[in-house]
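User: I would like to understand how the words used for a structure follow from its numbers. Could you take me through some of them, setting each value against its definition?

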Amino acid sequence: MDAKEIELRGKAIGKAMQENEPGSSLIKLMNDLKTGVHATEELLRQTRIGVTINRLRQHKDPAVQKLATELVSRWRDEVKKQPGKKPMPAKAPAANGSASPAAQPSRTQSPAPTQPKKKAVAAHNVDPDKRNYKTDKVRYQVTGNESRDQCVRLMYDGLAFMSSELPDEIIGVAKQVEAAAYANAGSVNDAYKQKMRSLFQNLKNKSNPQLRQRVLSGDVTPKRFVIMSHDDMKSEARRKEDEKLEKENMNQAMVAQVEKSISKEFQCGKCKKKMVSYSQAQTRSADEPMTTFCECMNCGNRWKFS
């Protein structure tokens, strides 16, 4: 598959996820990627297919989770192996006697290209819940303003939490989010700082991992993210719980209340006032008298009698 074909497949997968299509449909789409994608760092950056598939690792279908994890791991291993292949062409001239002296320096320099590989492995040996700008060795000083740079760092820490994405991808999104928030605020004011703290807290919310994934994948753009309300950022599960609670409260509010009468025939034994509301209910067998429930409207004292 070429890059354009992979991008189209990624969009198809994203659409299937949004429309809650069955896991079998997602597996069918991913199976084509299993044999059709020869991962390179440039290809993954261009198509962002790795980001799309990584989101499926949280899917409710175990089969989808397994295949997504397998694909992401395979592509990551393929990318990690590639830097080690760069020194190989330098050894080719060794076949000529005149070129043999030049072959010697290539052997002494061969360890150098392996350095980026070591850095990448080190960054991802960190537990996902402990990832931050320090563990990933990220340079966040990019705006020329100390306060803004601190907010870029804050966004990186929030996006990197529990993520398996590469540091370069995360810092790119972090910079875009900060820039969008700064553009909305117009300056480094209290509203800007409060917004950045709120975004960070929502990104670090362990019960809402979907938010981080949606921002990293581009489903939620930085411009939209910085204007989302707290309700907009809620997870689907939390939103359904809130809707259920709201519905229950509405139903309770619509339940007819037992009508109470107020009488001066009853006297409160506590304050001695004759301002008593009462209601009656058949709490025993039908041939027994009804139970009367009383409440003093003056002091709130309650009692009952048959």
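**Helix pairs and a buried threonine**

Analyst: Helix α1 passes helix α2 in a left-handed crossing, a term used when the near helix is turned anticlockwise from the far one by less than a right angle, right-handed being the clockwise case. The contact is made by R9, A12, I13, A16 and M17 of α1 together with L26, L29, M30, D32 and L33 of α2, where contact means heavy atoms within 4.5 Å. This is a predicted model, in which local features need pLDDT of at least 70 and side-chain atom pairs count only at pLDDT 80 or more, while totals for chains, interfaces and linings use all residues. Residues are numbered from 1 along each chain as its sequence is written, and side-chain values use heavy atoms, with hydrogens and water left out.

User: Why are α1 and α2 called roughly antiparallel to each other?

Analyst: The axes of α1 (residues 3-18) and α2 (residues 23-36) come within 10 Å and cross at roughly 165°. Angles under 35 degrees count as roughly parallel, over 145 as roughly antiparallel, 65 to 115 as roughly perpendicular and the rest as oblique, and α1 and α2 are therefore roughly antiparallel.

User: What makes α8 and α9 oblique to each other?

Analyst: α8 and α9 pack at an angle of about 130°, with their axes 8 Å apart, and on the angle classes already given they are therefore oblique. The crossing of α8 past α9 is right-handed.

User: How do you know that T292 is buried?

Analyst: The relative accessible area of T292 is 4%, and buried means under 20%, exposed over 50% and partly exposed in between, with a 1.4 Å probe and protein chains only, so T292 counts as buried. T292 is found in strand β3 (residues 291-296), and, not counting residues up to four places away in sequence, it touches Y278, S279, Q280, W303, K304 and F305. The C-alpha atoms of T292 and F305 are separated by 5.4 Å, although these residues are 13 apart along the chain.

User: What makes helix α11 mostly covered?

Analyst: Seven of the nine residues of α11 (residues 209-217) are buried, namely P209, L211, R212, Q213, V215, L216 and S217. These buried residues pack against several helices, including α4 (49-55), α8 (146-160) and α9 (167-185). Just after α11, G218 takes a positive phi of about 95°.

Methods
Axes are lines fitted to C-alpha atoms, for helices over the stretch in contact, and angles run from 0 to 180 degrees between N-to-C directions. Helices (H or I, at least four residues) and strands (E, at least two) are DSSP runs, numbered from the N terminus.
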